[in-house]
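Please open the structure in your viewer and keep the selection tool at hand. The tour below goes from one selection to the next and says what is there.

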Amino acid sequence: MVRGAWCVERCRELSLAGRTSWPFPLSAFGFILPQMRKLLVLVVILLAIHVAFLFVRPSGAAAGPSDDAIDVGIVFDLGGRGDKSFNDGAYLGGTRAVKELGARVRFIEPGDGSDREAGLRLLAAEGMDLVIGIGFIFTDDLTQLAKDYPKTKFAGIDFAVAIDGNGNPILPPPNLAALKFREEEGSFLVGALAALRSKTKKVGFVGGMDSPLIQKFEVGYRAGVKHVCAECIVLVGYAGVTPEAFRNPGKGKELALNQYGQGADIIYHASGSTGLGVFEAARQAGKLAIGVDADQYAEMPGNVLTSMVKGVDEAVFDVVKLVKEHRFNGGIHQLGLRENGVGYVYDVNNRGLIPESIRARVEALRDEVIAGKIRVPATR
């Protein structure tokens, strides 16, 4: 506006000096200046509206991390995200903590064993409030880091608790929560379901790494089969003796096809992404398979009888919540049927594969396990 006034004044001077060759009449400024004022008013109004929208949150939008947000680091197990099972459950729990608790979560997907330890140590060194290792293979690393960083809180999903000479559990450091599932209880139920559903009285089990943890799945499954069908046969195969056995779908398919070839009509897998090969074998053989850790029906619709589910997502979310609310406690935390830490899937997708009479029998067994009337073994 100052520049416009200067132009008007300069034009008046030129006119008084007799210089009338200006390309447009002086009266034109009587039109231009009001338009400039209107334009300025419009710009101011639009700017005010823009600033107002900066303070408006759309209905249903997730709130971002608040000033009191905690920092959480999560290192995945071998197989990483996309395993449609264990790691994906941990990812869901972490992302839920971001949305509902305002946590800042950083995920690390390791390669070999050294990457796992380095990932945990990096997160601890960065000053995370909570560092979580997904999988029993993190047990030793978490134990050492909890000692190295006593002010940092740690949690291990499927933490392998050591036993002393008297058979008593050795407690982890006080800043480390050992989150354990009673997988044998959920496996017991799907074992009973498989035996009741089997037409050949032969069922199979495919494990990933032959280790005490995966043996719990096998032992519980076998116990469930034998509880309802003493004459049934359980065929067993493992993909290997190293963590790589959890990400070998080719080996999973090979083992499953071999068991189907021996007469098994239902196979339960506890093998991470190796189990994707079991599902492919079920499709190829026209048989049934049982998923693990998460609902895996979508991996092979029509061929997945059910899945033994573990609340990995709930466990991750709950431990983050405990840290945020200053209620975190180290030690051993067990999650079984009683705590809804394990279970099996029965919904609209597989209802047609499970007769109601079988469903009722399995539910009765569930109640007996919770009541302590059935003791499910966890070791061979």
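## From a helix to a sheet

Begin, in this predicted model, with the buried residues of helix H11, which pack against helix H6 (183-197), helix H7 (212-228) and strand S12 (342-344). Within H11, highlight Ile358, Val362, Leu365 and Val369, which are its buried residues. They lie on the same side of H11, because they cover an arc of only 55° around its axis. Glu356 and Ser357, by contrast, are exposed on the other side of H11. Next after the helix, select Gly372, which follows H11 and has a positive phi, near 85°.

Now turn to the sheet, an open one in which six strands are arranged in the order S7-S6-S8-S9-S10-S12, with mixed pairing. Strand S7 (233-240) and S12 stand at the edges with a single partner strand each, so one side of each has no neighbour in the sheet. On average, neighbouring strands of this sheet are turned by 15° against each other, direction ignored.

Inside the sheet, select strand S6 (residues 202-209) and strand S8 (residues 266-270), which run parallel and are joined by five bridges; Gly207 has Ala270 in S8 as its bridge partner. H7, for its part, lies across S6, S7, S8, strand S9 (288-293) and strand S10 (304-310), and runs at about 170° to S6.

Note on methods:
Residues are numbered from 1 along each chain as its sequence is written. This is a predicted model: local features need pLDDT of at least 70, side-chain atom pairs count only at pLDDT 80 or more; totals for chains, interfaces and linings use all residues. Side-chain values use heavy atoms; hydrogens and water are left out. Buried means under 20% relative accessible area, exposed over 50%, partly exposed in between (1.4 Å probe, protein chains only). Helices (H or I, at least four residues) and strands (E, at least two) are DSSP runs, numbered from the N terminus. The arc is that of the directions from the helix axis to the C-beta atoms. Contact means heavy atoms within 4.5 Å. Two strands pair if DSSP finds at least two bridges between them. Axes are lines fitted to C-alpha atoms, for helices over the stretch in contact, and angles run from 0 to 180 degrees between N-to-C directions.
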